[in-house]
Each structure stands twice: as structure tokens, then as C-alpha cells.
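Student: I would like to learn how to read a few features of a protein model, beginning with a helix and moving on to strands and rings. Could you take me through them one at a time?

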Amino acid sequence: MKQIHSRIINLADWFNTDPGQRVIQWESSKFDQIVADSFGFNAVQVGLPDWNFLHHNRMRTKIILTDDSFNNCTHYPNTRFVQAQLDALPLASNSIDLLILPHILECADNPHLVLREAERVLVHEGRLIISGFNPWSLWGLRSRMPLRKPWMPVAASRQVSVTRLKDWMKLLSFEVDRGYFGCYTPACHTERWLNRWNFMNQAGDRWWPVAGAVYLLAAVKRAHGMTLIGPSWKGKKKKKFARGEAAISRRDVRQLFKEPHG
């Protein structure tokens, strides 16, 4: 638990740097776009209480779970803050309509457990939104270079690729309905150099869409193995009628080609 807390603190501190501000601005715009179209009664954000990704959502109850005490509640007057263990959510099963996990999988000791908790607390057709760092981006490659100081707040070995995350979500009956990549510039420390490479952000979605430094995936919880079927009599009646039509048509054909007597 202490390790998770320290990783989240490091992540929050990094978001206050120049490249971190680029990331948080891009993620906030995407979160705002998705949560505005999410409806229900209860919305929850797990971690990163310094950024309220739920403020554009119109649900009645909005909660931010944090693994430490948080005293800035006046910033978000319509949001409750609850101190909790992030890999064991203090929420009833099938009770949440919208759940946001901003970079939590990368900070957790057991990301599979976090996803299972998400599946447990979400209602049927509930929405899950996850953001994370892309290990196959220019930033990810910079983090893997030997004999260099760590540049990103999350080690490359802890980053979860989009392909792997989709496989995990599929096993838990989540259906991904939209996804985004962002921040295509090289790994630069200052705003000045980030601005010089800003043209890559404008062309990234078109020319190298899976190479963004960060990603955001939105998925819907589906009922596992559910198949919609109609009343059994409809199929039987239609089938009998089809056989009758075929028999009549064959008989008519024989009558047409039957030679007259006499």
C-alpha cells in the first residue's frame, strides 16, 4: 500500500512539470468529452484527487477515492472525497454507473485485481474509462534507453500497453467502444522544446496513431454470455410456412408439366 501511495505521489508531482502539464491537459479534454455523455446515478474517480475528471458529468453522486487524506475539498463543492484502498474499493457490487481509473493500473501492485474490482462495482452497461502511458511511444522508448536517468514517473516495466489492456478487459466482459492516443512529441523537458515539436501532435493521429505517449480507453460492461432470443413459436411457425410454400410450388410445377390425357 505504501508503494502505491509513493507512486501516485510521484505521478502527481510529475504532472506539474512542463511535459506533465501537456499530458494532464490532453487527458482532461478527453475525460470531459466522455463523461459528459455518461448517464446514471453514481460516478467515481479512483486516485489523483488534485484533478477532478468528473466535473463535466451530471450524475447525482460523484466521489473521488484517494489513498490519503485530502484537504482541498472546497475546490470541488459537488464531489465527495473518500479515503480508501485503491485495489479494494469500498463500494457495493453493481452500484456504480461510471468509473474512472487515471493511471491507477500502472501504480497498482496487482493491476488485474484493480480491473476485477472495477468489474465488480460497475452496473450492467456501466462505463469504465482508463488512462495510461503507452510503452511503445517515443516517451516509452526514451524510458528504455540504458544508462539514462528515469524520465517518466512510471517505469517502462510497469506500463500497460493498449493491446494487453484490451485482452484483460475482454476476459472481464468489457467492450471497448472508443479510444484515443495523444502527446506525440519527443521526450522534451521544457515548454520551449515541446512547442517546437508541436506539429507532431497535429499530424500524429493521422500518420502514427498508436505512437502517442498516453492513451485513454473507454469501455462498457456487458453481461457475460447473454444472448437475446425471441419466443420459440415464431421460429417454428415461420419454418412450417416456408416448407408449405416449397411443397405447393413443387406440386404446381408438376401440374404445369403434366401431359394431358387423351
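Student: Which residues are buried in helix α6 (residues 162-171)?

Tutor: Before that, please note that this is a predicted model, in which local features need pLDDT of at least 70 and side-chain atom pairs count only at pLDDT 80 or more, while totals for chains, interfaces and linings use all residues. Residues are numbered from 1 along each chain as its sequence is written, and side-chain values use heavy atoms, with hydrogens and water left out. Helices (H or I, at least four residues) and strands (E, at least two) are DSSP runs, numbered from the N terminus, and buried means under 20% relative accessible area, exposed over 50%, and partly exposed in between, with a 1.4 Å probe and protein chains only. In α6, the buried residues are Val-162, Leu-165, Trp-168 and Met-169.

Student: Why do they lie on the same side of α6?

Tutor: An α-helix has 3.6 residues a turn, so residues three or four places apart point the same way. Here the buried residues of α6 cover an arc of only 120° around the axis (taken from the directions from the helix axis to the C-beta atoms), which puts them on the same side. On the other side of α6, Thr-163, Lys-170 and Leu-171 are exposed.

Student: What do the buried residues of α6 pack against?

Tutor: With contact meaning heavy atoms within 4.5 Å, they pack against α3 (104-107), α4 (111-121), β5, β6 (174-182) and β7.

Student: Which strands pair with β5?

Tutor: Two strands pair if DSSP finds at least two bridges between them. Strand β4 (residues 96-102) is parallel to β5 over 6 bridges, with Leu-99 having Leu-128 as its bridge partner, whereas strand β7 (residues 214-221) runs antiparallel to β5 and is joined to it by 7 bridges, with Ile-129 opposite Ala-218. Since 10 of the 12 residues of β5 are buried, this strand is largely enclosed by the rest of the structure.

Student: How many aromatic pairs are there?

Tutor: Rings of Phe, Tyr and Trp (its six-membered ring) pair if their centres lie within 6.5 Å, and planes under 30 degrees apart count as stacked, over 60 as edge-to-face and the rest as tilted. The count comes to 5 aromatic pairs. One of them, Trp-14 with Phe-133, is edge-to-face, at 5.7 Å centre to centre and 80° between the planes. Trp-14 lies in helix α1 (residues 2-14) and Phe-133 in strand β5 (residues 122-133), so the pair ties together parts that are 119 residues apart in sequence.
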